[in-house]
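Keep the viewer open as you read.

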Amino acid sequence: MYNISTIHRAVREARQAAYLTQRELADRVGTSQSAVAALERGDGNPTVETLARLAAAVGMQLQVTLTPVAPPDPVVALYKQGVDRTLLRENLRRSVDERLRTLGEWQENGRALAEATARAKRARHTPRAGEP
């Protein structure tokens, strides 16, 4: 497996494994020997099509894969398991204004709930007449 910074080595190693000179590879690909030499030095920026032609010329197939840079966060992965995506999709269908209005309502309801909870706690801890 090669990354983009070592592709020049992959081209050189593939050419050498096929027992081809730079000129022979260039002839098969339809380019110049100096272009192959430059590519093997790491000069230039070959296209995927060029790399595919080079691979085919040495009897190989170009494969491009995308891999995550970092492993997924296990905490996020755990929380994603229980998410009801229908609610997310439904919310995303709403306009930004509707979502902000809903958020404001949730905040107001949350404050009202906190105040009601605080009143209930005070009422429980307030001694009644005749209680110590």
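## Starting in helix α7

Ala114 is a residue of helix α7, which covers residues 96-125. This is a predicted model. With a relative accessible area of 47%, Ala114 is partly exposed, because partly exposed covers the range between under 20% (buried) and over 50% (exposed).

From the C-alpha atom of Asp73 to that of Arg15, 58 residues apart along the chain, the separation is 40 Å.

## The nonpolar core

Which residues make up the largest nonpolar core? There are twelve in all: Val11, Ala14, Leu20, Leu25, Ala26, Val29, Val36, Leu39, Leu51, Leu54, Ala57 and Val58. Two or more of these residues come from each of α1, α2, α3 (33-41) and α4 (48-57). As general background, nonpolar side chains in soluble globular proteins tend to be buried together.

Leaving aside residues up to four places away in sequence, Leu25 touches Arg15, Leu20, Val36, Leu54, Ala57 and Val58. Leu20, Val36, Leu54, Ala57 and Val58 are also listed in the core.

## How the helices pack

Two packed helices are described by the angle between their axes and the distance between the axes. Take α1 and α3 to begin with: they pack at an angle of about 125°, and their axes are 6 Å apart. The two helices are therefore oblique to each other. On the α1 side, the contact is made by His8, Val11, Arg12 and Arg15, and on the α3 side by Leu39, Glu40 and Arg41. Sorted by class, the contact of α1 with α3 has four charged residues, two nonpolar and one polar.

Next come α2 and α3, with an angle of about 110° and axes 8 Å apart. That makes α2 roughly perpendicular to α3. Here Gln22, Arg23, Leu25 and Ala26 of α2 meet Gln33, Val36, Ala37 and Glu40 of α3. This contact of α2 with α3 divides into four nonpolar, two polar and two charged residues.

Finally, the axes of α2 and α4 cross at roughly 115° and come within 9 Å. The crossing of α2 past α4 is right-handed. Leu25, Arg28 and Val29 in α2 meet Arg53, Leu54 and Ala57 in α4. By class, the contact of α2 with α4 has four nonpolar and two charged residues, with no polar ones.

## Glu40, a charged residue

Setting aside residues up to four places away in sequence, Glu40 touches His8, Val11, Arg12, Arg15 and Gln22.

Glu40 and His8 are 32 residues apart along the chain, and 4.5 Å separates their C-alpha atoms.

## The loop between α1 and α2

The loop between α1 (7-17) and α2 (22-29) holds Ala18. Ala18 has 28% relative accessibility and therefore counts as partly exposed. Gly59 is 41 residues away from Ala18 along the chain, with 7.6 Å between the C-alpha atoms of the two.

Tyr19 is found in the loop between α1 and α2 as well. For background, most residues other than glycine have a negative phi. At 75% relative accessibility, Tyr19 counts as exposed, because exposed means over 50%.

Conventions:
Residues are numbered from 1 along each chain as its sequence is written. This is a predicted model: local features need pLDDT of at least 70, side-chain atom pairs count only at pLDDT 80 or more; totals for chains, interfaces and linings use all residues. Side-chain values use heavy atoms; hydrogens and water are left out. Helices (H or I, at least four residues) and strands (E, at least two) are DSSP runs, numbered from the N terminus. Buried means under 20% relative accessible area, exposed over 50%, partly exposed in between (1.4 Å probe, protein chains only). A nonpolar core is a set of buried Ala, Val, Leu, Ile, Met, Phe, Trp, Tyr and Cys residues joined through side-chain atoms within 4.5 Å. Contact means heavy atoms within 4.5 Å. Axes are lines fitted to C-alpha atoms, for helices over the stretch in contact, and angles run from 0 to 180 degrees between N-to-C directions. Angles under 35 degrees count as roughly parallel, over 145 as roughly antiparallel, 65 to 115 as roughly perpendicular and the rest as oblique. Ala, Val, Leu, Ile, Met, Phe, Trp, Tyr, Cys and Pro count as nonpolar, Asp, Glu, Lys and Arg as charged, and the others, Gly among them, as polar. A crossing is left-handed if the near helix is turned anticlockwise from the far one by less than a right angle, and right-handed if clockwise.
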